[in-house]
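Let's take a walk through this fold, one piece at a time. Have the sequence and the 3D view open as you read.

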Amino acid sequence: MTSPVSFLGAKIVRRIDKKDKAGLNALNDETLKMQKPYQEGLNLPKCKIKSIPGSYIVEYKLKGDPADFDQNPLTEKHLDNLFNNLFILDRNQIYHSNLSKDNVLFDNDDKGSVQLNSLSYADNYKLTNNKQFSFFDKEENERSFFPSNADSFEWMNFCQYVDNIESYRNKYFAIEDYLSAKSSYHRKRAMFLERSGFDKDDKALRSEIIKEEVFKNPSNSLIRYTNDKFRIYNKRLQADNNYNNDENPIVRFASILDLFYSAKELIDLKQKALNNQNSTKDIMEKEYYKYELEIVNSTLQTVLEEAFKKADANFKGENYTSIGGLYLGNSYDNKLFVELFDEIEAEEDDIEKGEKIYDIITYYNNLIEDWDFVNNSHYKKAYQKHNIKTPNSAIVRMPALSGHWVSRIAYRQI
């Protein structure tokens, strides 16, 4: 079997059992996947494979450190090299789904070298749902937005870098420098798409042209908007990290609230994008915000789906198996949660949707306040029996559909 990855100084080491066909196939696939990008200049960790009795030892030699404004600030050379690496992945249709701070390393040498790590997370997006297709097949994809590794970097990494900067002035200039450097990245992507047969009216190509132009000299309003977006991204990122907390169940429960708060703030961000679109006199910027509204709406849906999936798992003992699983409430509590979420999904008006998100935050928070390890055992028994008895019910205060408070019965076997 494949061992967990261990960190030894400037190395990453993992062991693969020689009988582990899946692990060996994954390593071989990773090697083949990266061969062409490496030849094109992608900066990867040097890899050494040693054969020992029964296993292969895989060592990756790392160079650089995660970005940190105080300890390892990003320079112009860093950004240029970063976007060059990400573009190499883009044009090879390889999407790295985990460009977190530990997987993008910035060296403080004169070249501003950037190294991408953990390539096991890199997927060729020609393969989706086990079906072979290409983004460049117009019939299959209707040529929507071209998948971007820079977006993944912002979602998993740069948002945290910016949010950890204490001074707003420094945040502002960090974002300005980032967007300015990113302009050339979008120019390369636009040229690549055009050579690949895209029309200038195709959304994929047009959006790259727009971003190249508006990022060259980003306006004050665009920088402020981007700062708000990165702050929300970082809140979602921290919620994801807290959900994986294996020591404190309350921290894990509370991460769900942060995900729903992130969703609510994304609704506010949509309104800011709309306001900026209406107020700017720059035609290119108007079109940029048109695309942003579509992207933010898609991001909102992603965050809501993530929040629901993780919140729902907390009712079903899927976490903390060492104590027999976590159970935030009984089956009826779970049912009410699902009903509240369905109301969010069905709501088309953003203001009403935001209020319904607040309703589910309040309800879920009440369940967290009522939870302890003793109740966890009771909820577990009730869930396993699928038998909820009315006589032992408890009153849980939760919002009505109108937004006004009422009391609903949440039947608990306690």
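## Helix pairs, a hairpin and some buried residues

Start with helix α8 and helix α11: Ile250, Phe253, Ala254, Ile256, Leu257, Phe260, Tyr261, Ala263, Lys264, Ile267 and Lys270 in α8 meet Asp350, Lys353, Gly354, Ile357, Tyr358, Ile360, Ile361, Tyr364, Asn365 and Ile368 in α11. Contact here means heavy atoms within 4.5 Å. Sorted by class, the contact of α8 with α11 has 15 nonpolar, two polar and four charged residues. Ala, Val, Leu, Ile, Met, Phe, Trp, Tyr, Cys and Pro count as nonpolar, Asp, Glu, Lys and Arg as charged, and the others, Gly among them, as polar.

A word on ground rules: this is a predicted model, where local features need pLDDT of at least 70, side-chain atom pairs count only at pLDDT 80 or more, and totals for chains, interfaces and linings use all residues. Residues are numbered from 1 along each chain as its sequence is written, and side-chain values use heavy atoms, with hydrogens and water left out. Helices (H or I, at least four residues) and strands (E, at least two) are DSSP runs, numbered from the N terminus.

How do the two helix pairs sit? Two packed helices are described by the angle between their axes and the distance between the axes. The axes are lines fitted to C-alpha atoms, for helices over the stretch in contact, and the angles run from 0 to 180 degrees between N-to-C directions.

| Helix pair | Axis distance | Angle |
|---|---|---|
| α8 (residues 249-279) and α11 (residues 350-370) | within 10 Å | roughly 170 degrees |
| α9 and α10 (residues 331-346) | 11 Å | about 175 degrees |

Which residues does Glu306 touch, leaving aside its neighbours within four places in sequence? They are Arg236, Asp240 and Leu259. Glu306 lies in helix α9 (residues 283-313) and is buried, at a relative accessible area of 16%. Buried means under 20% relative accessible area, exposed over 50%, and partly exposed in between (1.4 Å probe, protein chains only).

Lys171, in helix α5 (residues 168-195), also counts as buried, at 11% relative accessibility. Not counting residues up to four places away in sequence, Lys171 touches Val162, Asp163, Asn164, Ile165, Glu166 and Asn227. Between Lys171 and Ile223 there are 9.4 Å in space, C-alpha to C-alpha, although they are 52 residues apart in sequence.

Now for the hairpin. Strand β3 (residues 46-52) and strand β4 (residues 55-61) run antiparallel and are joined by seven bridges; strands pair if DSSP finds at least two bridges between them. Lys48 stands opposite Glu59 in β4. Two residues lie between the strands, and Gly54 takes a positive phi near 85 degrees in this hairpin.

Last stop: helix α2 (residues 76-91). Its 16 residues reach 23 Å from first C-alpha to last, close to the 22 Å expected (1.5 Å times one less than the number of residues). Among the buried residues in α2 are His78, Leu79, Leu82 and Phe83. In the loop between α2 and β5 (94-96) you'll find Gln93, with a phi near 55 degrees, positive in a residue other than glycine. Gln93 is buried too, at a relative accessible area of 6%.
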